[in-house]
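The following note is meant for a colleague who is opening this structure for the first time. Please keep the sequence and the model in view while reading the points below.

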Amino acid sequence: SLRVVAVRGEGIDRELRLRLGQAIPGRVAQTREPLLVPPTLATSDACGTAPDFEIGSAMCVPLVNRGQLLGVLTILAATGVEFEDEDLDILSLFAESVAAAIAKAGLYEAERANVAKLLESDRMKSQFVASVSHELRTPITSIRGAVAASRRTDVPEQREELLDVVDRQSGRLQAMVEEMLVAARMQEEASRPTMGSIDLCELVRVTAMDSELANRPVSLELPERAVVRAEPEAVRRILTNLIENAHKYGVAPVRVAVQVADEQVVISVIDRGPGIAPDQRERIFERFYRVDPNGTKPGMGLGLSIVRGLVESCGGTVWVEDAPGGGAAFRVSLRAGTTADQRAEVVHV
């Protein structure tokens, strides 16, 4: 289709839309041949002008650059003026320069957008390196401090407490390293996980118990059973990351709900925090992007990008919206198991 993008003079319908082949500009776009329109044919309907606009004659030429149709240039004459073949030849020559200029402007805009993306990617990677350095420094400092303190005490109880610190902080280090490895694998590997039928409700219950032990309690709203086609470890990591994200950026209580709808099963992780602004609801799933750019919250900006990658690898979709009553609601839609899956034994976790 064609739309009006630039007008000089009055009487042109600036909201005009033409299908290829419709009216004179549409036919020129379709044939890619210049056209001289005599006064007898230069009507407002044919040229796309206002109904009461009088036209003497018209010229219409295609704007083509390297075989690509960019648009159509139409020149309208006042009543009593009739264009000739020489005018059409001059306009056709001019159209070549116009098409080249438009093409160069398009390339410039595309290159500028590409440079902006590269600069933003570089900024986010620099922020990621700074975040990783900060995140790794904290547990390493705690471990070194606990080891040094254990060497200075002979009290068994104090040594046990210090060993607990080492255990917790080393577990935190392991989780961060694993998160980075998962993100790297997802970027490099195109293979899909091994899909199978799993009891989603049982997996949610197990993940909720693990989250409770990590001091991230959740309440559950589950049907008795919901079978999905997915990879168990991928779904477990999806749930863990979303629950951790809700506790980190949202406000308790955090709720996990499962709803079965026709051929889809939807998992919702809901918190009572400030929610996610509409202009950030896509960006939060990008690698290295953080809602908290000042780094007051722990994290490396990988959790939600891993969630999206894992969900898509299982053939599902993930999005975020406002939760009823306030807060954020992260939704994950997975393909429900078939009737045979529902009746058959499923993988238990």
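**Notes on pockets, strands and selected residues**

1. The largest pocket is lined by 46 residues, and those nearest its centre are Ala175, Glu179, Arg216, Glu244 and Lys248. A pocket here is an open set of points on a 1 Å grid over the protein atoms alone, where a 1.4 Å probe fits, with protein on both sides within 12 Å along at least five of seven lines; lining residues have an atom within 4 Å of a point. The space in this pocket is about 1300 Å³, a volume being the space filled by probe spheres set on the points, which are joined across faces, edges and corners.

2. A word on the basis of these values: this is a predicted model, in which local features need pLDDT of at least 70 and side-chain atom pairs count only at pLDDT 80 or more, while totals for chains, interfaces and linings use all residues. Residues are numbered from 1 along each chain as its sequence is written, and side-chain values use heavy atoms, with hydrogens and water left out.

3. Which elements supply at least two residues each to the lining of the largest pocket? They are helix 4 (156-188), helix 5 (200-213), helix 6, helix 7 (303-313) and strand 12; helices (H or I, at least four residues) and strands (E, at least two) are DSSP runs, numbered from the N terminus. Helix 6 gives the most, with 10 residues. By class, the lining has 16 nonpolar, 16 polar and 14 charged residues, where Ala, Val, Leu, Ile, Met, Phe, Trp, Tyr, Cys and Pro count as nonpolar, Asp, Glu, Lys and Arg as charged, and the others, Gly among them, as polar.

4. Helix 6 has 18 residues (232-249), and at 1.5 Å a residue it should span 26 Å, which agrees with the 26 Å between its end C-alpha atoms; the expected span is 1.5 Å times one less than the number of residues. Its buried residues include Pro232, Val235, Leu239, Leu242 and Ala246, where buried means under 20% relative accessible area, exposed over 50%, and partly exposed in between (1.4 Å probe, protein chains only). At the start of helix 6, a side-chain oxygen of Glu231 comes to within 3.2 Å of the backbone nitrogen of Glu233.

5. The loop between helix 6 and strand 9 holds Pro253. The peptide bond from Ala252 to Pro253 is cis, with omega near 5°.

6. Strand 9 (residues 255-261) and strand 10 run antiparallel and are joined by seven bridges; two strands pair if DSSP finds at least two bridges between them. Val256 has Val269 of strand 10 as its bridge partner. Two residues lie between the strands of this hairpin, where Asp262 takes a positive phi near 55°.

7. Strand 10 also pairs with strand 12 (residues 328-335), in the antiparallel sense and over seven bridges. In strand 12, Arg331 is the bridge partner of Ser268. Six of the seven residues of strand 10 (residues 264-270) are buried, so this strand is largely enclosed by the rest of the structure.

8. Helix 7 is likewise largely enclosed by the rest of the structure, because eight of its 11 residues are buried. Among them are Leu304, Ile306, Arg308 and Val311. Just after helix 7, Gly315 takes a positive phi of about 80°.

9. The second largest pocket holds about 1000 Å³ of space. Of its 31 lining residues, Ala6, Val7, Val72, Leu73 and Thr74 lie nearest the centre. Strand 5 (68-76) is one of the elements that supply at least two lining residues, and strand 5 gives the most, with seven. The lining has 22 nonpolar, six polar and three charged residues.

10. Is Ser57 buried or exposed? Ser57 is buried, with a relative accessible area of 1%, and is found in the loop between helix 2 (44-47) and strand 4 (58-65). The side chain of Ser57 reaches the backbone nitrogen of Phe83 at 2.9 Å.

11. Ala23, in helix 1 (residues 23-31), has phi near 60° and counts as buried at 16% relative accessibility. Arg66, in the loop between strand 4 and strand 5, has phi near 55° and counts as exposed at 83% relative accessibility.

Definitions and conventions. Polar contact = N/O pair within 3.5 Å; in protein donor to acceptor, adjacent residues only side chain to side chain.
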